[in-house]
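Look at the structure below and follow the side chains. Which of them pair up, and which stay apart?

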Number of protein chains: 2
Amino acid sequence: PIELKAKITSIAKSFKKLGEDDPRRLTHSFKVGLALSLVSLLYYAKPLYDGFGVAGMWAVLTVVVVFEFTVGGTVSKCLNRGFATFLAGGLGIGADYFASLFGKKGEPIVLGILVFLLAAAATFSRFFPRMKARYDYGLLIFILTFSMVAVSGYRVDELVLLAHRRLCTIILGGATCMLISIFICPVWAGEDLHKAVASNLEKLATYLEGFGGVYFPSCKDEGTGVNSKDGNGNSLFQGYKSILNSKNIEESLANFARWEPGHGRFRLRHPWKHYLEIGALARQCAYNIEFINACSDSDIQASEEFKSKIEGPCSRISAECGKALKALATSMKTMTDPSSAKPNVENSKAAMKDLKFALKAASTENADFLAIVPAATVGSVLVEIAKCVEKISEAVH
Amino acid sequence: PIELKAKITSIAKSFKKLGEDDPRRLTHSFKVGLALSLVSLLYYAKPLYDGFGVAGMWAVLTVVVVFEFTVGGTVSKCLNRGFATFLAGGLGIGADYFASLFGKKGEPIVLGILVFLLAAAATFSRFFPRMKARYDYGLLIFILTFSMVAVSGYRVDELVLLAHRRLCTIILGGATCMLISIFICPVWAGEDLHKAVASNLEKLATYLEGFGGVYFPSCKDEGTGVNSKDGNGNSLFQGYKSILNSKNIEESLANFARWEPGHGRFRLRHPWKHYLEIGALARQCAYNIEFINACSDSDIQASEEFKSKIEGPCSRISAECGKALKALATSMKTMTDPSSAKPNVENSKAAMKDLKFALKAASTENADFLAIVPAATVGSVLVEIAKCVEKISEAVH
């Protein structure tokens, strides 16, 4: 019983944390509840029930299945469902009429063949990558509606009335979902994408700004970011890891964003593709950081002496890159001109040149070449990162 | 009209290619068609229709929604749907009974509140990452069934009979799907995961084996892989890029694989988690390769002279790593003992030592330090890759 109690409290805590991490989840849950309650009026209100009958069930079904977290997701599912139902319903009624020409014996056979062929063809076309990205749900509903209308047409007489009622209730349910998701605390996929890309840049910036302090020991005495290696600082340095696998999330958000009506500072046809490019560059940068991280965990360590020689330019490169990324992220967030990042990019370029000189100078003095290589490697990774940052700053424009 | 014709032929071609790339897609489409035809017998056959009536519709719906490409996907959706329907149906009937205690006036209000609360709670729990991975569909069906049963209970009198019929047809539809997907040309998610991980190792191996020939110019005269840089060779070298974003696919396959019954050489409770680990290490390796690729595209090139000095050990490291990976991939595929990769790993370790000596020797002779750094960087990346390969070989055991 004590264990059970502990378990329940831990579950309750994780529930609470889930809500605190993103309060929109809570409002989303209430929105779904609200939409369902509204739609069930089709059953409770006598005049509505007299009009639609048990077809009101389809409105309930539509709400549950169609309501997604983001506006874009909801709208795309609603439109997909609406059009697919309409099209497949029409085709199904046509198929039924066609099959009835073959007499009572032939009808089920013809219907069976038609359902088999159409279902197979539609299922196959769901494998198309392009179809899958945008119209997967529509195709599913198409198969569903067509087979249901065609098959039940064999037994039900007032097929057109039935189809008409269902379409109406589905449209009603879909419209309820769209209105609620757009007008009550909307969650825009486009805004999420915008924020996700900007925050990825920020995560990179945090890592790069802190990098000098962690990798070069002498910096540790300087004050800022001293103890950041352990404690909560560590989580800051792990932040970039989530960028490595951000591709799928960004792509699905961009996909939903295309369905959204213009809102806030985002016009219709906002350049969502652009965000994907910046996202890809940020991932590139994160791959490099991942490598640098592996290097500094490595057991072969560079000599402290050599490290201290290239320390200046190296930490300048990473710091300037970090600043540039931070400036770019802020300018993305506020949607202002990103030219404030330019001086930082120039500075990092200058630091790259310094690094070259420092390497040259160090090499003539130092004899133990092996001790130099790891640090030199870190230097060249930083150069690659700086190049990436430059590309990002161009892409943001 | 000519343009239209061209478009149609191009679409037909891409359809054909889709089928040729993976013929299982074609069989999957036919399997869906077959399942639908079978299930529509519930309507066509008089005795069955007398038993179930229009509830047969639910069997059609279940088949369309539940049938997935892999066995694991189908089974997990079927079981989720079955259990969720059963549970929610029971709860819904209970809620209806409870609400009826409040009289005809109070019933819709109580029902509305209950539906609102349960839907909101279930929607919220869908945000739990663990729930989302395994029971997302079940929760959706839970909300759906509960609200449908509870709401329609207000108007329908024979609620228990209705719920019973629906549950029966849903089980019928689900069973049809499971049987067809397991016994007719099954597509096992576990097998796909197995193959995907092994082929990722192979892609890495292909890159590493070819790397020496491309990066070090003098190798180009040796014969093998000479012209592989352009032409079809290029696509071989891009193969590893798909690994960078393989995480989601692998995770969903592993998720499905857990639902699958034992089959072929895979026992029940096969160590699917292990595959995810190997996959993660392969990704790590691919990140490093991505970096090396960026380096060799870079405009700062190492001096040819220095390159030729470290060429021997470097290309030996990459070749041995490639061979080791290939051996590991084959041993995974055939599920035999992977110890044949051991000598290659040992060789690559020896080559790493040689590389150290070569670097030391080269540094004393060479004055132009800057020209050395890029090549030395490549060398240390190779060392990192070799370490990764060693870890992979340990993980495969």
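In this predicted model, the charged end of Lys77(B) sits over the ring of Tyr137(B). The distance to the ring centre is 4.7 Å. Chain A has a pair of this kind too: Lys77(A) lies over the face of Tyr137(A), 4.7 Å from the ring centre.

**Aromatic rings**

Now turn to rings that meet rings. A pair of aromatic rings is described by the distance of the centres and the angle of the planes. The count over all chains is 17 aromatic pairs. One of them joins Phe98(A) and Phe102(A). Their centres are 5.4 Å apart, the planes stand at 70°, and the pair is edge-to-face. Phe98(B) and Phe102(B) also form an edge-to-face pair, with 5.4 Å between the centres and 70° between the planes. Phe98(A) is partly exposed, at 41% relative accessible area. Phe102(A) is partly exposed as well, at 46%. In chain B, Phe98(B) has a relative accessible area of 41%, and Phe102(B) has 46%.

Rings also gather in a group. Phe15(A), Phe69(A), Phe124(B), Phe127(B) and Phe128(B) form one aromatic cluster.

**Cysteines**

How many disulfides does the structure hold over all chains? The count is 0. A disulfide is a covalent bond between the sulfur atoms of two cysteines. Take Cys78(B): the closest cysteine sulfur belongs to Cys177(B) and is 5.2 Å away, so the two are too far apart for a bond. The cut-off is 2.5 Å. Cys78(B) is buried, at 9% relative accessibility. Cys185(B) is in no disulfide either. The nearest cysteine sulfur to Cys185(B) is that of Cys177(B), 16 Å away. Cys185(B) is partly exposed, at 46%.

**Salt bridges**

Side chains of opposite charge can pair when their charged atoms come close. Over all chains, 18 salt bridges are counted.

| Partners | Closest N to O distance |
|---|---|
| Lys132(A) and Asp136(A) | 3.9 Å |
| Lys247(A) and Glu251(A) | 3.9 Å |

Where do Lys132(A) and Asp136(A) lie? Both are in helix H8 of chain A, residues 129-152. They are 4 residues apart, about one turn of the helix. Lys132(A) is partly exposed, at 47%.

Lys247(A) and Glu251(A) are also 4 residues apart, in helix H13 (residues 247-257) of chain A, and about one helical turn separates them. Lys247(A) is partly exposed, at 27%. Glu251(A) is partly exposed, at 41%.

Are Glu250(A) and Arg283(A) buried or exposed? Both are buried. Elsewhere, salt bridges that share partners join Asp22(A), Arg24(A) and Asp192(A) into one network.

**A nonpolar patch**

Chain A also has a nonpolar patch on the surface. Its members are Leu34(A), Leu38(A), Leu41(A), Leu48(A), Leu179(A), Phe183(A) and Ile184(A). Together they have about 620 Å² of accessible area. Which elements give two or more residues to the patch? They are helix H2 (24-39) and helix H9 (159-183) of chain A. Leu38(A) is found in helix H2. Leu38(A) is partly exposed, with a relative accessible area of 43%.

**A glycine in helix H6**

Gly82(A) is found in helix H6 (residues 71-100) of chain A. Gly82(A) is partly exposed, at 22%. Gly82(A) and Lys203(A) are 121 residues apart along the chain, and 41 Å separates their C-alpha atoms.

Definitions and conventions: Residues are numbered from 1 along each chain as its sequence is written. Chains are lettered from A and ligands numbered from 1 in the order in which they are written. This is a predicted model: local features need pLDDT of at least 70, side-chain atom pairs count only at pLDDT 80 or more; totals for chains, interfaces and linings use all residues. Side-chain values use heavy atoms; hydrogens and water are left out. Rings of Phe, Tyr and Trp (its six-membered ring) pair if their centres lie within 6.5 Å; planes under 30 degrees apart count as stacked, over 60 as edge-to-face and the rest as tilted. Buried means under 20% relative accessible area, exposed over 50%, partly exposed in between (1.4 Å probe, protein chains only). A charge sits over a ring if NZ of Lys or CZ of Arg is within 6 Å of the ring centre and within 35 degrees of the ring normal. Patches are made of residues with over 30% relative accessible area and no salt bridge: like charges are joined within 9 Å, nonpolar side chains (Val, Leu, Ile, Met, Phe, Trp, Tyr) within 5 Å. Accessible areas come from the Shrake-Rupley method with a 1.4 Å probe; for residues, only the protein chains shown count as cover. A salt bridge is a side-chain nitrogen of Lys or Arg within 4 Å of a carboxyl oxygen of Asp or Glu.
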